[in-house]
Amino acid sequence: GDTLDDYLRTDGVWILSPNKQFYKTNNEKECAEKCEAERKFNCRAFLFTSKKQQCLTLAENSKMAVMFNSSDAVLYEKIIYLLQCKKGIGKDYRGTEAKTRRGIPCQKWAEKTPHNPNYTPEKYPNAGLEENYCRNPDEDESGPWCYTTDPATRFDYCNIPECEGQCMQCNGEDYHGEVSRTVSGLECQRWDAQEPHMHGFTPKRFPEKDLKMNYCRNPDGELRPWCFTTSPTKRWEYCNIPHCTTHPPVSGLDSQCLSGKGEGYRGRIAITESGKACQHWSTQFPHRHGWIPDRYPCKGLEENYCRNPDGEKRPWCYTINSGIRWEYCAIPHCDGTEQGNDGMSNVLVQVPLSEECYRGKGQSYRGTTSTTASGKKCQAWDSMFPHRHEKTPDRFPNADLRDNYCRNPDGDSSPWCFTTDPSTTWEYCNIKRCDDHTQE
């Protein structure tokens, strides 16, 4: 295949790398060949600028160096150095795990204490023996290992999860394998193609999702990896990827306080910011929903604790009040400030001040209602989660598809929206029709 197939492309970024070499090349492919042939250091990535036809081979990638915007640059990173999982016995594993399965830090391959190594970077220059990262230079059947920093234990194996087409962890969000057929045997459509199905999941828009070739992926938090199919009559379908037998490594993101959007929050707060008790995730009363713990094993949906499984602004939960479907929770920030006292609680109440009713079919409605008739919260129009769709702001520029406000871009009978409930794709909104004759 093409040399560039081994790289992940990201447009418009630059990374600061002290170890680099400059070359003059005509295109990205020539630059990739320079990276493959680099002998001054281990080339993990390269930058190419088309305007200057300048090629920079780099010893670092985005996991190791600072990244910032640069309009003319294209970054290509070797996928093998981005993966934190192993294929088979892990002979080609080049991740950055540096402790044993029992948690003992690894000894650097180039050092001689506390253990004098048989496998060194000098003796095995192609085995990736950098720093103290787990590797498998002797093709051990038990997988990557390292010499340990414990004088009593010469070496031990590392806990590296499987990847590359063999199995998936959780819901397969990190699956990077090469399966390209659906459960019914249909061939997948390439992610960079718009035929036979038009879609918004392009590699340029989602560079971090590894939407390579026509391989099955899970870029939007679905139940498992999927793809658009090459059959005109079947838009998309799940792929048959087996679950790994080993458990995923415990995430370092698990937190008892709010960091970022709180997707890694695993604390035990189970009450909303207005004081309402949370509904258990495993129950469907008083609110029916699709966030079932068994279906989303890595989202931390235990008991009735506040969580953020869907990339919301911050952790939330369904309430036990049948009249209020869900609310945000007040989680203390990791920097010590109390979340909820920053004015964010006002975001919940969206009062449609501009318009409280719609005329005709509501195609001209520009109010700020964002709740459906059954009380479900609307999905943002520029979002593809939890529902994939084609009603995007750039496709319907005159429909005012802002935020998650109810609209009628397609001439339906009244304003509607996609919902944030995975089990309900869309619903009409909770908006009255204006009475043209009497003014209330």
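Biologist: Why is Glu 173 called partly exposed?

Modeller: Glu 173 has a relative accessible area of 30%, and buried means under 20%, exposed over 50% and partly exposed in between, with a 1.4 Å probe and protein chains only, so Glu 173 counts as partly exposed. This is a predicted model, in which local features need pLDDT of at least 70 and side-chain atom pairs count only at pLDDT 80 or more, whereas totals for chains, interfaces and linings use all residues. Residues are numbered from 1 along each chain as its sequence is written, and side-chain values use heavy atoms, with hydrogens and water left out.

Biologist: What makes Lys 299 and Glu 173 a salt bridge?

Modeller: A salt bridge is a side-chain nitrogen of Lys or Arg within 4 Å of a carboxyl oxygen of Asp or Glu, and because the closest N and O atoms of Lys 299 and Glu 173 are 3.6 Å apart, the pair meets that limit. The pair links distant parts of the chain, 126 residues apart: Lys 299 is in the loop between strand S9 (236-238) and strand S10 (316-318), and Glu 173 is in the loop between S7 and strand S8 (226-228). Helices (H or I, at least four residues) and strands (E, at least two) are DSSP runs, numbered from the N terminus. The chain has two helices and 15 strands.

Biologist: How do you know that the side chains of Arg 44 and Glu 130 meet in a salt bridge?

Modeller: The N to O distance between Arg 44 and Glu 130 is 2.0 Å, and the pair therefore falls within the limit for a salt bridge. Arg 44 lies in the loop between helix H1 (28-37) and strand S3 (45-49), while Glu 130 lies in the loop between helix H2 (79-82) and strand S6 (145-147), so the pair ties together parts that are 86 residues apart in sequence. Arg 44 and Glu 130 are buried.

Biologist: Arg 102 forms a salt bridge with Asp 156; is Arg 102 buried or exposed, and is Asp 156 buried or exposed?

Modeller: The closest N and O atoms of Arg 102 and Asp 156 are 2.4 Å apart. Arg 102 lies in the loop between H2 and S6 and Asp 156 in strand S7 (residues 155-157), so the pair ties together parts 54 residues apart in sequence. Because the relative accessibility of Arg 102 is 60%, Arg 102 counts as exposed, whereas Asp 156, with a relative accessible area of 5%, is buried.

Biologist: Why is the pair of Trp 381 and Phe 418 called edge-to-face?

Modeller: A pair of aromatic rings is described by the distance of the centres and the angle of the planes. Rings of Phe, Tyr and Trp (its six-membered ring) pair if their centres lie within 6.5 Å, and planes under 30 degrees apart count as stacked, over 60 as edge-to-face and the rest as tilted. A search of the whole structure finds 29 aromatic pairs. The ring centres of Trp 381 and Phe 418 are 5.9 Å apart with the planes at 70°, so this pair is edge-to-face. Trp 381 is in the loop between strand S12 (357-358) and strand S13 (416-418), and Phe 418 is in strand S13, 37 residues apart. Trp 381 is buried at 0% relative accessible area, and Phe 418 counts as buried at 9%.

Biologist: How do you know that the charged end of Arg 314 sits over the ring of Tyr 328?

Modeller: A charge sits over a ring if NZ of Lys or CZ of Arg is within 6 Å of the ring centre and within 35 degrees of the ring normal. The charged end of Arg 314 is 4.4 Å from the centre of the Tyr 328 ring, and Arg 388 lies over the face of Trp 236 at 3.9 Å from the ring centre.
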